[in-house]
Amino acid sequence: MTGALLIASGALGLATAPSASANEPLANPSLTITGGCAGARSLVQIYWHGPNEASIHWTLTDTDRGDGKPPVLRMNAVGADGSQPFLFVTGETAAVLYGDTASGGEDNWNPSDIAQFRRLQIITQNGNTASGVECSTTKSVYNFSRVAYHYALDQIDKQYVWGDAGPNTFDCSGLVYHSYSRVPDLPSDWSRRSADSYYSWALAESANNNSNNSNLEPLDVVRVSASDRQVGDLVFYHGHVGFYAGDGRLYSALNETVDIGYTSVDILTRHDEFYYRIVGVRSTTSP
């Protein structure tokens, strides 16, 4: 890692980038997002611990050194009750890079004044006030799966009724539909489907992703291996769907003989050994 960061939020102060040994990239991020425009590139890893907490690791690169315009990175946690900026190594809210590349991050970032951390806004620009801004890219990254699971837990111990999608009784796909429908900012094309139809949709959506997730859409699906599964990921079986609940457990509306709750993730034969994470990314670039 080379370069130095000028951290800016009002007063300006010079700081070197944190060392790799002090802050390693995340081993199993929920999502990795690339951003930027001519001269500036960012890579941000996000691990969603829950509906209001995440770990963040970032990399900022100057891809056009010598143009006199330093790359700038800002990140904001956004929820229904406001937003809170990510604080960089000096406690400031924006990083301005002079050099090749710098990286760092923070584990267990908990924006305490946001009740529900629904999305991360990532702003990458080439240039600042002093040099003039050549271009700017904003990516809003949505935590759909983790927030939907949070809502699904509200239905624990309610009864299974085939064909129902709440609010008092559910079948398996009805629980998934109802839980995601409660997530703010979810695109309007989310629709009620059977378990097998949700599987076909997830499989098709995830197959369209670029290897670096650069083409993710406002409602999209990331396919992950069993070893990288996280709480809230969807698990598909033949004729059944549920939420991965951690520690080898499935949370779902299983059948008429049990209420909504937890079972082993291996209770049924899965379609495959993959899990599916529903996310969203909205992008804007100017000029």
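1. Asp185 has a relative accessible area of 35% and is partly exposed; buried means under 20% relative accessible area, exposed over 50%, and partly exposed in between (1.4 Å probe, protein chains only). The model is predicted: local features need pLDDT of at least 70, side-chain atom pairs count only at pLDDT 80 or more, and totals for chains, interfaces and linings use all residues. Residues are numbered from 1 along each chain as its sequence is written, and side-chain values use heavy atoms, with hydrogens and water left out.

2. Asp185 and Arg118 form a salt bridge through their side chains, at 3.2 Å from N to O. This pair connects distant parts of the chain, 67 residues apart: Arg118 lies in the loop between strand S8 (95-109) and strand S9 (119-126), and Asp185 in the loop between helix H2 (172-181) and helix H3 (195-207). A salt bridge is a side-chain nitrogen of Lys or Arg within 4 Å of a carboxyl oxygen of Asp or Glu. Helices (H or I, at least four residues) and strands (E, at least two) are DSSP runs, numbered from the N terminus. Arg118 is buried, at 14% relative accessible area.

3. A salt bridge also joins the side chains of Arg192 and Asp171 (3.3 Å, N to O). Arg192 is partly exposed at 32% relative accessibility, whereas Asp171 is buried at 5%.

4. In the salt bridge between Arg270 and Glu273, the closest N and O atoms are 3.6 Å apart. Asp266, Arg270 and Glu273 belong to one network, joined by salt bridges that share partners. Arg270 is buried at 13% relative accessible area, while Glu273 is partly exposed at 48%.

5. In total, the structure contains six salt bridges.
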